[in-house]
Amino acid sequence: VQLQASGGGLVQPGGSLRLSCAASGRIFSINAMGWYRQAPGKQRELVAGITSGGSTNYADSVKGRFTISRDNTKKTVDLQMNSLKPEDTAVYYCKIIVYGMDYWGKGTQVTVSS
């Protein structure tokens, strides 16, 4: 199982970015999918998660600004990030759970700065 994330970059405060993560390999079904982030000097934290049934949960700090979605056919999970703030700056990681095992993608840097 491999995960390929894309979509990070530099954006001004108030701007938007869309992260995408695609899973490949011998995967017949994916349980939960999610996005995490880790800022310098801080622990990795959950940003948003989505179950196989489409239920979502968000960190309080991103509620109303970020939206997670998934495409089970394409095996992708996206994170639409709006109204970005400097405190959203971090390396973002996607994670999927397959047959009870966690798989992580390589991080993608998101920098929010003027």
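Which residue in β8 is the bridge partner of Asp71? The partner is Thr76. Strands here, like helices, are DSSP runs numbered from the N terminus, with at least two residues (E) for a strand and at least four (H or I) for a helix. The model is a predicted one, in which local features need pLDDT of at least 70 and side-chain atom pairs count only at pLDDT 80 or more, while totals for chains, interfaces and linings use all residues. Residues are numbered from 1 along each chain as its sequence is written, and side-chain values use heavy atoms, with hydrogens and water left out.

Strands β7 and β8 run antiparallel and are joined by 6 bridges; two strands are taken to pair if DSSP finds at least two bridges between them. Strands of a sheet pair through backbone hydrogen bonds, in either a parallel or an antiparallel manner.

The loop between β7 and β8 holds Lys75, which has a positive phi of about 60 degrees although it is not a glycine. Most residues other than glycine have a negative phi. Lys75 counts as partly exposed, at 22% relative accessibility; the classes are buried under 20% relative accessible area, exposed over 50% and partly exposed in between, with a 1.4 Å probe and protein chains only. Ser83 is placed in the loop between β8 and β9 and is partly exposed, with a relative accessible area of 40%. By contrast, Gly64, in the loop between β6 (56-58) and β7, is exposed at 82%.

The interior comes next. A nonpolar core is a set of buried Ala, Val, Leu, Ile, Met, Phe, Trp, Tyr and Cys residues joined through side-chain atoms within 4.5 Å. The largest such core has 30 residues, of which Trp35, Phe66, Leu79, Met81, Tyr92 and Ile96 touch the most other members. Strands that each supply at least two residues of this core include β1 (2-6), β3 (17-24), β8 (76-81) and β9 (90-98). The largest share, 5 residues, comes from β9.

Cys21 and Cys94 form it, with their sulfur atoms 2.1 Å apart. Since Cys21 lies in strand β3 and Cys94 in strand β9, the pair ties together parts that are 73 residues apart in sequence. The torsion about the S-S bond of Cys21 and Cys94 is about 50 degrees, so the disulfide is right-handed. Cys21 is buried at 1% relative accessibility, and Cys94 is buried at 0%.

Finally, Arg44 lies over the face of Tyr93, at 3.7 Å from the ring centre, and over the face of Trp104, at 4.7 Å from the ring centre. A charge sits over a ring if NZ of Lys or CZ of Arg is within 6 Å of the ring centre and within 35 degrees of the ring normal.

Note on methods
Disulfide = S-S within 2.5 Å.
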